[in-house]
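The sequence and the structure come first, and the comments follow.

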Amino acid sequence: MTKATEQDLDELYQAVLERKANPKKGSYTDYLFTKGLDKILKKVGEESTEVIVASKNPERSELIYETADLLYHLMVLLAEQGVSYSEIKAELAKREGLLSKTKDRPEIKDL
Ligand SMILES: N=c1c2ncn([C@@H]3O[C@H](COP(=O)(O)OP(=O)(O)OP(=O)(O)O)[C@@H](O)[C@H]3O)c2ncn1[C@@H]1O[C@H](COP(=O)(O)O)[C@@H](O)[C@H]1O
């Protein structure tokens, strides 16, 4: 468990999964699961746009806020679609291996 002032993505994904397994009245996460995939996709789209807009604002706090919103909605999407966050981490780890092998291969460095 990270300290109370931080929440990592594993913990966030677990909290979202827990809410899916045990719906709670008044919970926004429960509201999204009840509305279903199209609503979740709409939120992912909106939050992605908000990250783009925030990136143009010199005030970094807006980008931090909108990125947190996007990551949360992505975790809800993964849970809805039955994809675990561990699978995303495994995919990233595979790429790390791939990219380290490309270091001596300038012709594929842009992969
Ligand atoms: N990390 C989040 C989180 N980030 C953002 N949000 C919610 O996402 C919504 C985004 O705001 P918007 O203005 O875009 O959406 P809205 O207008 O309220 O809703 P829509 O009408 O667009 O559906 C807000 O209601 C936020 O409260 C979150 N809601 C929950 N979590 C975490 O999810 C877990 C489960 O929480 P509950 O949802 O409270 O059960 C806990 O760990 C929470 O910390």
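1. Burial is used throughout as a count: a residue is buried if 20 or more other C-beta atoms lie within 10 Å of its own, exposed if 12 or fewer, and partly exposed in between, with C-beta atoms placed from the backbone. Tyr65 lies in helix H4, and because it has 14 C-beta neighbours inside 10 Å it counts as partly exposed. The C-alpha atoms of Tyr65 and Val51 are separated by 8.6 Å, although the two residues are 14 positions apart along the chain.

2. On the basis of the note: this is a predicted model, in which local features need pLDDT of at least 70 and side-chain atom pairs count only at pLDDT 80 or more, while totals for chains, interfaces and linings use all residues. Residues are numbered from 1 along each chain as its sequence is written.

3. The chain has five helices and zero strands, where helices (H or I, at least four residues) and strands (E, at least two) are DSSP runs numbered from the N terminus. Read from the N terminus on, the order of elements is therefore α-α-α-α-α. Of the 111 residues of the chain, 12% count as buried. Among contacts in the chain with a separation of 6 or more, 47% join residues 24 or more positions apart, a contact being two residues whose C-beta atoms, placed from the backbone, lie within 7 Å.

4. Helix H1 (residues 9–21) packs with helix H4 (residues 60–81) at an angle of about 50 degrees, and their axes are 9 Å apart; axes are lines fitted to C-alpha atoms, for helices over the stretch in contact, and angles run from 0 to 180 degrees between N-to-C directions. H1 and H4 are therefore oblique to each other, given that angles under 35 degrees count as roughly parallel, over 145 as roughly antiparallel, 65 to 115 as roughly perpendicular and the rest as oblique. On the H1 side the contact is made by Leu9, Leu12, Tyr13, Val16, Leu17 and Lys20, and on the H4 side by Leu71, Tyr72, Met75, Val76, Leu78 and Ala79. These residues divide into eleven nonpolar, no polar and one charged, with Ala, Val, Leu, Ile, Met, Phe, Trp, Tyr, Cys and Pro counted as nonpolar, Asp, Glu, Lys and Arg as charged, and the others, Gly among them, as polar.

5. By class, the contact of H3 with H4 has ten nonpolar, four polar and seven charged residues.

6. Leu32 has its place in helix H2 and is buried, with 23 other C-beta atoms within 10 Å. Not counting residues up to four places away in sequence, Leu32 touches Lys39, Ile40, Lys43 and Val76. The C-alpha atoms of Leu32 and Val76, 44 residues apart along the chain, are separated by 8.0 Å.

7. Which residues are around the ligand? They are Leu12, Ala15, Val16, Arg19, Lys24, Ser27, Tyr28, Thr29, Asp69 and Tyr72, a residue being near a molecule if its C-beta atom, placed from the backbone, lies within 6 Å of it. The elements that give two or more residues to this shell are H1, helix H2 (28–35) and H4, and H1 gives the most, with four residues. By class, the shell divides into five nonpolar, two polar and three charged residues.
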